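Hello,

Here is the structure I promised to pass on to you. Please open it alongside this email, and the notes below will walk you through what turned up.

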Amino acid sequence: MYLYRSNRLERLAEALAELCREPPDSPFSRECVVVQSKGMAAWLSMRLADHFGVWANPDFPRPRQFVQRLLVATLGKRAELIADWNRDRLSLAILEALPPLLDRPEFAPIARYFAGGSDDFKRLQLAGRIAQVFDQYAVFRPEMVLEWEAGTDRLGDPEERWQPLLWRVLADRLVSPATLYREAYRDLQAGRLREPSVLPERLFLFGITTLPPIYLTLLAELASQLPVHLLLCSPAEDYWGETASAAAVGHLLRRDGGALAPDDLHLAGGHPLLASLGALGRDFQVLLEERLAGVMADYSLFVPHARPQRLLHRLQNDILHLRHRRHQAPEAENAPWPLEARDDSLVIHSCHSPLREVEVLQDQLLAMIGRDGLAPREIAVMVPDIETYAPLIEAVFGREASDPRFLPYRIADRALGREAPLIEAFFALLALLAGRLTAPQLLDFLAATPVRERFAIRAEELLAVERWTVEAGIRWGIDEEDRARHGQPPLRQNTWGFGLDRLLLGYALPTGEEACWQGVLPYDPVEGQDAELLGRFFTYCETIFAWARRSGAPMTLASWQAAVAELLAAVFRNGAEEGWQLRAILAASAALAEDAARVGCAATLTLPAYARLLKGRLEGEERDHGFLQGGITFCAMLPMRTIPFAVICLLGLSDGAFPRLQHAVSFDLVARNPLRGDRSRRNDDRYLFLEALLAARCRVYLSYVGRSSRDNAELAPSVVVDELLDSLAESCVLTGEEPAERAAERRARLVR
């Protein structure tokens, strides 16, 4: 095993290119480079193409995908069973397994959850949460679940005794990953490979920020079979695994009742930002030291700034060298450095709203590009919630190319439904079928282009249809029976049946007669050429009503798959623009049916529950569309995807919005008893912020909502912004400023 560390991904890419210069034995072999995101794979492909001229036929698996290949290499066909233990299939298996177990006394906590009624939403939500937790157990607590499978239960809390029992039920149906990891580890130790052809001649892991401990253990044993090259990005050159933040030191001192001084703890020093933001990387460095004992060579490829003059570069150098500058530091090397007032390499903007954040960003980017000659593709803008900011970005940046303020841009990481109007309309249809079928809902759905053209209704004809609906007195409900199903009196008046009867009679009977026919007053304005439009509108309504009646009963996932295919054909146009969207829905529906068949799930779901399950499957598909595709890249803040840009902008850094909170469920044993190497959404976000500071080559731009748009009251920024400001206020002094000036005043000057 060979280890390469650097603070710059560009240097690691150069090292990888040098390693790839020696071709593999077979000219058809694919270079296997494990990365943690498609964005990293795209950036690395472009760097290697620049280096070699041509970079073709690469293989960029994720860590989990490669470990599955490793299991196949050692265990053969048996390892393919691990595919059944993904969160989607596991949740369906739990959905099927739970009902017969609820009568057992160990499952009393689950039974209490369903005491108020067991609907499909509650069952799906609980099954999904349990599947997520069990999936984490298999990766981060394999020893614990192996004991469960052996019949040993060391849980002291009787409220959690249901977990080992449910795990054993699932392990009888599906082979758990923990069992396969143990078998693969033993085979690797013995040098047994049943299918060595699935492994590459050599393995590269590039830009990895963290790996589960079990993955590191398997890779360490794999290194005895083939060369394994780990190219890791590290913010600091020296060992910083024991660096502790001020909060951690305070916690340790309070725990010992104040009997110890900070120096008595003998903790490693270092930069305060590295201590407070770097928990994820710090734990990973300790795990590397513990698990990778057989490293043949450890190459240091760190690249400091030779003569840093700007605030950002000085900060990056201090983190690299673990240097903590303080105003009280007597030694010269740790003394604060002067900060020029015109230094704009790291700026923080306080705005009144997310929209104002985007507007200020546009002004600042135009100024940067005009002043520094930057290309838009050298700029990345990251936000915590891309769905919140995407409409604002389109409103502000969506200009014509002839506009002098035009900037090309791409928005990545949006949910599939947000970029696919037909998919969004499809889920609106499912909600419509399960609801009260109000007049505004049906008219709004008809206005969708794929629906309107499917029933041959022109856009200009929608006004006439809307007028008829309103004047005919249509409000909601198919008919009196449909109203009764919603718990209302079975009255036909103001239903769709009532209104459509009036419209049809208005055309069929002579005009000018105000008499009712069998209790129905005709709607006279429908006449002449309106008949054709009325017929098409009537066909649309009857189609929706037929599907509302049909979808009212629960069905299995296989039955829902067939129903979805028929529904799409009946309601939507299948044109060139809609084809890929229809295929995406059909593929997701087929995948759900296949998952149910694989795990033996025969549970029936109502339409709302199935719609939620299908939408989750579509939104869960990883998509990097728009990332590194030219222009300014707007993307979500995703862990392990911070790659170098000249300018990195982070928006939405408001208090409570970032770091993002992810509340663990009460029965999550990993969250209750955390160990080194466990994943945490909050630690991921804090480390992402640190990576963004280090990945910017020229400028870092930070923005948050710091003033109320109602009363101009001051709002707090994210805690990571506060920590950055505190560190900078302690590390630098404005030119001409007296050293005795308070740090709080220096801190306030850093915010625009």
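**Around D684**

Leaving aside residues up to four places away in sequence, D684 touches L280, P639 and R679. Please keep in mind that the model is a predicted one. D684 sits in helix 29, which covers residues 681-695. With a relative accessible area of 6%, D684 is buried, because that value is under 20%.

**The chain as a whole**

Stepping back, the protein chain has 752 residues, and 52% of them are buried. Its secondary structure comes to 31 helices and 13 strands. The C-alpha trace spans about 100 × 65 × 65 Å along its principal axes. If you take the contacts between residues at least 6 apart in sequence, 78% of them join residues at least 24 apart.

**The nonpolar cores**

The largest nonpolar core has 106 residues. Which of them touch the most other members? They are Y137, L166, F426, F445, Y540 and F572. Another core lies apart from that one; it has 68 residues, with L12, M40, F645 and F658 among them.

Not counting residues up to four places away in sequence, its contacts are L422, A425, F426, L429, F445, P450, V451, R454 and L582.

**Two helix pairs**

Some of those names come back in the next stop, the packing of helix 18 against helix 19. Helix 18 runs over residues 421-433 and helix 19 over residues 439-446. Their axes are 11 Å apart and the packing angle is about 155 degrees. An angle over 145 degrees counts as roughly antiparallel, so that is how helix 18 and helix 19 lie to each other. Their crossing is left-handed. On the helix 18 side the contact is made by A425, L429 and L432, and on the helix 19 side by Q441, L442 and F445.

How do helix 21 and helix 24 cross, and at what angle? Helix 21 (residues 462-471) and helix 24 have axes that come within 11 Å and cross at roughly 75 degrees. That falls between 65 and 115 degrees, so helix 21 is roughly perpendicular to helix 24. Where the two meet, helix 21 brings A464, V465, W468 and T469, while helix 24 brings D530, L533, L534 and F537.

Is Q529 buried or exposed? It is exposed, because its relative accessible area of 77% is over 50%. The C-alpha atom of Q529 is separated by 68 Å from that of F28, and these two residues are 501 residues apart along the chain.

**Cysteines**

Finally, how many disulfides does the structure have? A search of the whole structure finds zero. C233, for one, is in no disulfide: the nearest cysteine sulfur belongs to C635 and is 17 Å away.

C541, in contrast, is buried, with a relative accessible area of 0%.

Enjoy looking around, and write back with any questions.

Best wishes

Note on methods
Residues numbered from 1 in each chain as written. Predicted model: local features only at pLDDT ≥ 70, side-chain atom pairs only at ≥ 80, totals over all residues. Heavy atoms only, no water. Disulfide = S-S within 2.5 Å. Buried < 20%, exposed > 50% of the residue type's maximum accessible area, 1.4 Å probe, protein only. Core = buried A, V, L, I, M, F, W, Y, C linked by side-chain atoms within 4.5 Å. Contact = heavy atoms within 4.5 Å. Axes fitted to C-alpha atoms, helices over the stretch in contact; angles between N-to-C directions. Helix = DSSP H or I, 4+ residues; strand = E, 2+ residues; numbered from the N terminus. Parallel < 35°, antiparallel > 145°, perpendicular 65-115°, else oblique. Left-handed = near helix turned anticlockwise from the far one by under 90°.
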